Amino acid sequence: MSPEWSASEDPLPARVRPGDGRLSAPKAMRSAADQLSELLGRAPEAISAVRPTEEGWEADVEVLELERIPETTSVLASYRVQLDAEGELTAYERVRRYTRGQIDRRG
């Protein structure tokens with residue numbers, strides 16, 4: 001028999017718990033990618049992070065900025081995207097630019 005769940009023990013804020021009407025993480029990821037693509041005119045390569053915030057969601061979106069040959073020398077950028085609770089983009093910024101073949105030495 002499993003122990004009874006208590007909201008006071010929940011590690012997520014009440015506004016982030018499933019079933020509260022808040023946008024899900026997969027939907028937030030798609031929303032961030034779609035809206036950033038519309039603004040930049042480039043399709044995202046990947047979503048490298050998504051996390052809930054007090055206001056909604058924050059996602060890191062990887063975008064191909066300059067295609068080169070060989071492909072390992074192409075230039076990508078990581079954009080941090082802020083979404084409100086409904087999934088509307090409220091802010092974005094480029095936080096990193098790198099070549100595809102670059103190894104991330106952070107952490």
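**Close-up 1. The charged end of Arg96 over the ring of Tyr98.** In this predicted model, the charged end of Arg96 is placed over the ring of Tyr98, at 4.1 Å from the ring centre.

**Close-up 2. The aromatic pair of Tyr79 and Tyr92.** The count of aromatic pairs in the structure comes to one. The ring centres of Tyr79 and Tyr92 lie 6.0 Å apart and their planes stand at 50 degrees, so the pair is classed as tilted. Because Tyr79 belongs to strand E3 and Tyr92 to strand E4, which covers residues 89–99, the pair ties together parts that are 13 residues apart in sequence. Tyr79 counts as buried at 6% relative accessibility, whereas Tyr92, at 37% relative accessibility, counts as partly exposed.

Close-up 3. When neighbours within four places in sequence are left aside, the residues in contact with Asp60 are Ala46, Ile47, Ser48, Ala49, Arg51, Ser78, Tyr79 and Arg80. Between the side chains of Asp60 and Arg51 there is a polar contact of 3.3 Å, and these two residues also form a salt bridge, for which the closest N and O atoms are 3.3 Å apart. Arg51 itself is partly exposed, its relative accessible area being 29%.

Close-up 4. Side chains of opposite charge can pair when their charged atoms come close, and a search of the whole structure finds seven salt bridges. In one of them, the side chains of Arg80 and Glu58 meet with an N to O distance of 3.9 Å; since Arg80 lies in strand E3 and Glu58 in strand E2, this pair ties together parts that are 22 residues apart in sequence. Arg80 is partly exposed, with a relative accessible area of 26%, while Glu58 is buried, with a relative accessible area of 15%. The side chain of Arg80 also meets that of Asp60 in a salt bridge, here with an N to O distance of 2.7 Å, and this pair, again between strand E3 and strand E2, ties together parts that are 20 residues apart in sequence. Through salt bridges that share partners, Arg51, Glu58, Asp60 and Arg80 are joined into one network.

**Close-up 5. The cis peptide bond at Pro70.** Most peptide bonds are trans. The bond that joins Ile69 and Pro70, however, is cis, with omega at about 0 degrees. Pro70 is found in the loop between strand E2, residues 56–66, and strand E3, residues 75–84.

Key: Residues are numbered from 1 along each chain as its sequence is written. This is a predicted model: local features need pLDDT of at least 70, side-chain atom pairs count only at pLDDT 80 or more; totals for chains, interfaces and linings use all residues. Side-chain values use heavy atoms; hydrogens and water are left out. Helices (H or I, at least four residues) and strands (E, at least two) are DSSP runs, numbered from the N terminus. Rings of Phe, Tyr and Trp (its six-membered ring) pair if their centres lie within 6.5 Å; planes under 30 degrees apart count as stacked, over 60 as edge-to-face and the rest as tilted. Buried means under 20% relative accessible area, exposed over 50%, partly exposed in between (1.4 Å probe, protein chains only). A charge sits over a ring if NZ of Lys or CZ of Arg is within 6 Å of the ring centre and within 35 degrees of the ring normal. A polar contact is a pair of N or O atoms within 3.5 Å; within protein, one must be able to donate a hydrogen and the other to accept it, and residues adjacent in sequence count only if both atoms are side-chain atoms. Contact means heavy atoms within 4.5 Å. A salt bridge is a side-chain nitrogen of Lys or Arg within 4 Å of a carboxyl oxygen of Asp or Glu.
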